Each structure stands twice: as C-alpha cells, then as structure tokens.
Amino acid sequence: MFTLNERLRADTRPVTDLRLCRVLLMNNRLWPWLILVPMRDGAVEIHRLEEDDQAVLMREIAQASRVVERLFAPDKMNVGALGNMVPQLHVHVIGRTRGDPAWPGPVWGSGHAEPYEDAEAATLVGRLADALHSGA
C-alpha cells in the first residue's frame, strides 16, 4: 500500500494521481513547482524501479514539464530527484524565470518561500489537474 512521506504531505498540496505518480504542488507560490511521487512502496531511486515504471516515470515527468511550460511560460525547466532530506523517491519539476528570487541558483535552500492562500491553491490545483488529464 502506498504511503506518502510525512514531510512531502506537510509541504505540498495534492493535485492528482497519474498512472504511476501522485502529483503534488509545492506550497510555495514563488515558483510553479510540482513534485511527482511514484506510488511504489519503498521506492528510493529511479534506477531501482522496474524498467516499465522507469519509462512511465520519464513520460510523466515530460507530461508535467509540458503542463508547467504551457501554464506558466518559464524560461527554464528544472527537473531533479535529490532525496537527501526525504528518502522516498520524488521528482521535482520546477518552472524557473530569469529574475525569480533564487535565479540563477537552485531553489533548494534559497530561503525564499511564500505559501499559497487556500483559494489561490485550490484554483491552481484545479487548473493543473485539468491540464495533466487533458493529454498535455
């Protein structure tokens, strides 16, 4: 049975489930920032997933990246799976814009965070879920 890491649950808002991944919105309105979590118990590293799951994960990363590009028109997409703080396998998909608070450095550890208001988050989650299921 799939269980989401407590820190991921605390730092995000649920968007939708895809074939493999649960899609989460990072609760930081400074960046369009999705997190994809493969719904596989004990998953820690991409290369340890079954080959079919690896392929699905890559397609879902590309799908999420296209959605962020279409909805937010960032200058650059950042995609990463670090796992230093949260061991559960998860992939960050972040739209970056020149001049954003951490540009050109990484968003991690930048000290910049601004949580969403509930209504704003609900609207955005709906837009993201619709876009992810519309074949983006």
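Select A73 first, which lies in the loop between α2 and β4 (76–80); helices (H or I, at least four residues) and strands (E, at least two) are DSSP runs, numbered from the N terminus. A73 is not a glycine, yet its phi is positive, at about 50°. With a relative accessibility of 58%, A73 counts as exposed; the scale used here calls a residue buried under 20% relative accessible area, exposed over 50% and partly exposed in between, with a 1.4 Å probe and protein chains only.

The model is predicted: local features need pLDDT of at least 70, side-chain atom pairs count only at pLDDT 80 or more, and totals for chains, interfaces and linings use all residues. Residues are numbered from 1 along each chain as its sequence is written, and side-chain values use heavy atoms, with hydrogens and water left out.

Next, select E69, in helix α2. E69 is partly exposed, at 45% relative accessibility. Apart from neighbours within four places in sequence, E69 is in contact with P74 and M77, where contact means heavy atoms within 4.5 Å.

Move to D41, in the loop between β3 and α2. At 47% relative accessibility, D41 is partly exposed. Which residues does D41 touch, not counting those up to four places away in sequence? They are M1, F2 and T3. The C-alpha atoms of D41 and F2 are separated by 5.3 Å, although the residues are 39 apart along the chain.

**The nonpolar cores**

Select V15, L25, L34, L36 and V93, the residues with the most contacts inside the largest nonpolar core, which has 28 residues. Such a core is a set of buried Ala, Val, Leu, Ile, Met, Phe, Trp, Tyr and Cys residues joined through side-chain atoms within 4.5 Å. Two or more of its residues come from each of β2 (21–26), β3 (33–38), α2 (51–72), β5 (91–96) and α3 (118–133). The largest share, 7 residues, belongs to α3.

Centre the view on L25. Beyond residues up to four places away in sequence, L25 touches D11, T12, R13, V15, W33, L34, Y116, L124, V125 and L128. A second, separate core has 14 residues, including F2, L24, W33 and V107.

Now select T12, in strand β1 (residues 12–17). T12 is buried, with a relative accessible area of 9%. Leaving aside neighbours within four places in sequence, T12 is in contact with L24, L25, M26, N27 and I35. From T12 to W33, 21 residues apart along the chain, the C-alpha separation is 9.7 Å.

**The aromatic cluster**

Show the side chains of W31, W33 and W108, which ring pairs link into a cluster. Rings of Phe, Tyr and Trp (its six-membered ring) pair if their centres lie within 6.5 Å; planes under 30 degrees apart count as stacked, over 60 as edge-to-face and the rest as tilted. The whole structure holds 2 aromatic pairs. Because W33 lies in strand β3 and W108 in the loop between β5 and α3, the pair ties together parts that are 75 residues apart in sequence.

Is W33 buried or exposed? W33 is buried, with a relative accessible area of 4%, whereas W108 is partly exposed at 36%.

Within the loop between β5 and α3, select P104. A cis peptide bond joins W103 and P104, with omega about 0°.

**The largest pocket**

Finally, select R7, D11, M26, W33 and W108, the closest to the centre of the largest pocket among its 23 lining residues. On a 1 Å grid over the protein atoms alone, a pocket is an open set of points where a 1.4 Å probe fits, with protein on both sides within 12 Å along at least five of seven lines; lining residues have an atom within 4 Å of a point. Its volume is about 470 Å³, taken as the space filled by probe spheres set on the points, which are joined across faces, edges and corners. The largest share of the lining, 3 residues, comes from α1.
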